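Reader: I would like to go through this model with you and ask, for each label, what it rests on. Could you set each value against its cut-off before you conclude?

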Amino acid sequence: LKSFSELFYVKHFREHFYGEDNFPNARYEAFTRIFSLENFPQVNLNSASEEVLEAMCEAETVTYDERLYGALRGEGVSVTDGITWVKSASDVAARGVEAPSKKSAYETSRVKIEITIKRGVGEYYLSAVYGSPEASTSRAGASARRGETSASSAKILELSTVDGAD
């Protein structure tokens, strides 16, 4: 998938994730916050949502500590070096919480920037992804393996119109 909106055309998805007006409902919004279109081997705890952290803890049969989400962001803990993110499992432990460990990462491997430009009735969408080809088994990784990008970085740029604007 390139976009979650493609799921609109999947049988039975629409009836559960879209309202009668064919606009995404709260269930769709929650789904898109929790899941990624990229296939990462690990979850960066620094960018994980509270729902993702809770699901990871449940999968590892670790009791979810409600302080975890805030502690990972430097909230409610003493941060002496000014760095609010965590760089290792020992940083998490030093903040007095237990984090899931089996599929956890502490470094950013890819960055996605999304920009929507509106001009009159036209609406344009720009999406850029930057990161190493090994970061995920996504479109960028597959392109790099085919030699379409350099070995050190992969970039995906996509410009599309929304609502049929030209």
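Reader: Among contacts in the protein chain between residues at least 6 apart in sequence, what percentage join residues at least 24 apart?

Author: The model is a predicted one, and in it 48% of the contacts between residues at least 6 apart in sequence join residues that are at least 24 apart. The protein chain has 6 helices and 5 strands, and read along the sequence they follow the pattern α-α-β-α-α-α-β-β-β-α-β. Of its 166 residues, 33% count as buried.

Reader: Why is Tyr64 called buried?

Author: The relative accessible area of Tyr64 is 17%, and buried means under 20%, so Tyr64 falls on the buried side of the cut-off. Tyr64 lies in the loop between α3 and α4, where, leaving out residues up to four places away in sequence, it touches Glu50, Leu53, Glu54, Cys57 and Tyr69.

Reader: What makes the pairing of the Tyr64 and Glu50 side chains a polar contact?

Author: The two side chains are joined at 3.2 Å, and the limit for such a pair of N or O atoms is 3.5 Å, so the pair of Tyr64 and Glu50 qualifies. Tyr64 and Ala99, for their part, are 35 residues apart in sequence and 8.1 Å apart in space, C-alpha to C-alpha.

Reader: How do you know that Arg67 forms a salt bridge with Asp65?

Author: The closest N and O atoms of Arg67 and Asp65 are 2.7 Å apart, and a salt bridge requires the side-chain nitrogen to be within 4 Å of the carboxyl oxygen, so this pair meets the rule. Arg67 itself has a relative accessibility of 51%, and because exposed means over 50%, Arg67 counts as exposed.

Reader: Why is Thr61 called exposed, and what is its phi?

Author: Thr61 has a relative accessibility of 74%, and as exposed means over 50%, Thr61 counts as exposed. Its phi is positive, about 55°, although Thr61 is not a glycine, and its place is also the loop between α3 and α4.

Reader: What makes His12 partly exposed?

Author: The relative accessible area of His12 is 47%; buried means under 20% and exposed over 50%, so a value in between is called partly exposed. His12 is in the segment before α1, and its phi, near 70°, is a positive value in a residue other than glycine.

Reader: What makes the side chains of Glu114 and Tyr125 a polar contact?

Author: They approach to 2.5 Å, and the limit is 3.5 Å, so the pair of Glu114 and Tyr125 counts as a polar contact. Glu114 is in strand β3, and apart from residues up to four places away in sequence it touches Tyr125, Leu126 and Ser127.

Reader: Which residues have the most contacts inside the largest nonpolar core?

Author: They are Leu45, Leu53, Leu68, Leu72 and Val92, in a core of 16 residues. Helices α3 and α4 each supply at least two residues of this core, and the largest share, 4 residues, comes from α3. A second, separate core of 7 residues includes Leu7, Phe8, Phe17 and Tyr18.

Methods:
Residues are numbered from 1 along each chain as its sequence is written. This is a predicted model: local features need pLDDT of at least 70, side-chain atom pairs count only at pLDDT 80 or more; totals for chains, interfaces and linings use all residues. Side-chain values use heavy atoms; hydrogens and water are left out. Contact means heavy atoms within 4.5 Å. A polar contact is a pair of N or O atoms within 3.5 Å; within protein, one must be able to donate a hydrogen and the other to accept it, and residues adjacent in sequence count only if both atoms are side-chain atoms. A nonpolar core is a set of buried Ala, Val, Leu, Ile, Met, Phe, Trp, Tyr and Cys residues joined through side-chain atoms within 4.5 Å. Buried means under 20% relative accessible area, exposed over 50%, partly exposed in between (1.4 Å probe, protein chains only).
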